[in-house]
Amino acid sequence: MNPTDNNDWDLVIQPEYSWRQNFDPKKIWRYRDLLVLLVKRDLVAVYKQTILGPLWFFIQPLLTTIMFTVVFGNIAKISTGEVPSTVFYMGGLLLWSYFADVVSKTSEAFITNQNLFSKVYFPRIIVPLSMALSNLIKLGIQSLMFAGFFIYYYCQGGISPNATLLLFPVYVLMTALLGLSFGMIISSMTVKYRDLRFLIGFGIELLKFAAPIIYPLSMAGDGTFKWVVLTNPMSSVIESFKYGCFSKGTFDWSHLGYSLLFLIVILFLAIRSFSKIEKKFIDTV
């Protein structure tokens, strides 16, 4: 057998210079077992050696909702329209928390997994994907709690959903890809500029107020502030989700179209930057 003849081998490992090859869905599917293991690792690591464990999935959004209700609803008197403030804030936080979690976790993909990357080969995109999927499970659990509050207020006659709520899987997918894209770009930059790690949490908290979470989009008026809010690609996703749940607020296909276009552009940039950095980040960290 000629060792130089690649046709005689079952698997040939060689450098890959195309970003398309690095993000080949067939290759990712081949490593699906590793993806599942990393998802389990992320879920276990978060609440390992905690007393309440997975109950924090419910406690965190519930306490945040209570705080928003007291501070913004009762003290600041920010109107949520005809929608009960509790379910209004919880609905906005549901998708935003998923976005924020994916960004913050994915942004540290290279730094926190440098030992793993330096010892074994696998498609590096597996790590960000595992973080998005593990937080998707968290989103599913929190959605059950939101559904409980939603059903309660629906039975009280305070809210009424409409057909656009069926787009919820689309909103989740857009949120996941937006968070993944931002996180991958930041992770590519933090390999060289570690200071960015300290700005991520602060930046996400600021960006939260540029999304209709604590206020309806209608409060932004029709002027400059409204367009500033809509510049945030998550704004139309959150507002559309709330409209589907409560039949109050704004649903505009053009706003969703902007978010989709923004998503396509930033996802392309994220894949290119992540693919470029993954080849040489071991020499940098």
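1. The lining of the largest cavity contains 5 nonpolar, 2 polar and no charged residues. Here Ala, Val, Leu, Ile, Met, Phe, Trp, Tyr, Cys and Pro count as nonpolar, Asp, Glu, Lys and Arg as charged, and the others, Gly among them, as polar. The model is predicted: local features need pLDDT of at least 70, side-chain atom pairs count only at pLDDT 80 or more, and totals for chains, interfaces and linings use all residues. Residues are numbered from 1 along each chain as its sequence is written, and side-chain values use heavy atoms, with hydrogens and water left out.

2. There are 2 cavities of 30 Å³ or more in the structure. A cavity is a set of points, on a 1 Å grid over the protein atoms alone, where a 1.4 Å probe fits but cannot get out; lining residues have an atom within 4 Å of a point. Grid points are joined across faces, edges and corners, and a volume is the space filled by probe spheres set on the points.

3. The largest cavity holds about 60 Å³ of space. Its lining consists of Pro61, Met90, Leu93, Leu94, Ser97, Gln142 and Met145. Helix H5 (85–106) and helix H8 (126–155) are the elements that give two or more residues to this lining; H5 has the largest share, 4 residues. Helices are DSSP runs (H or I, at least four residues), numbered from the N terminus.

4. The second largest cavity holds about 40 Å³. Leu217, Leu230, Ser236, Glu239, Ser240, Thr250, Phe251, Asp252 and His255 form its lining, with 3 nonpolar, 4 polar and 2 charged residues. Helix H12 (residues 233–246) provides the largest share, 3 residues.

Key
On a 1 Å grid over the protein atoms alone, a cavity is a set of points where a 1.4 Å probe fits but cannot get out, and a pocket is an open set with protein on both sides within 12 Å along at least five of seven lines; lining residues have an atom within 4 Å of a point.
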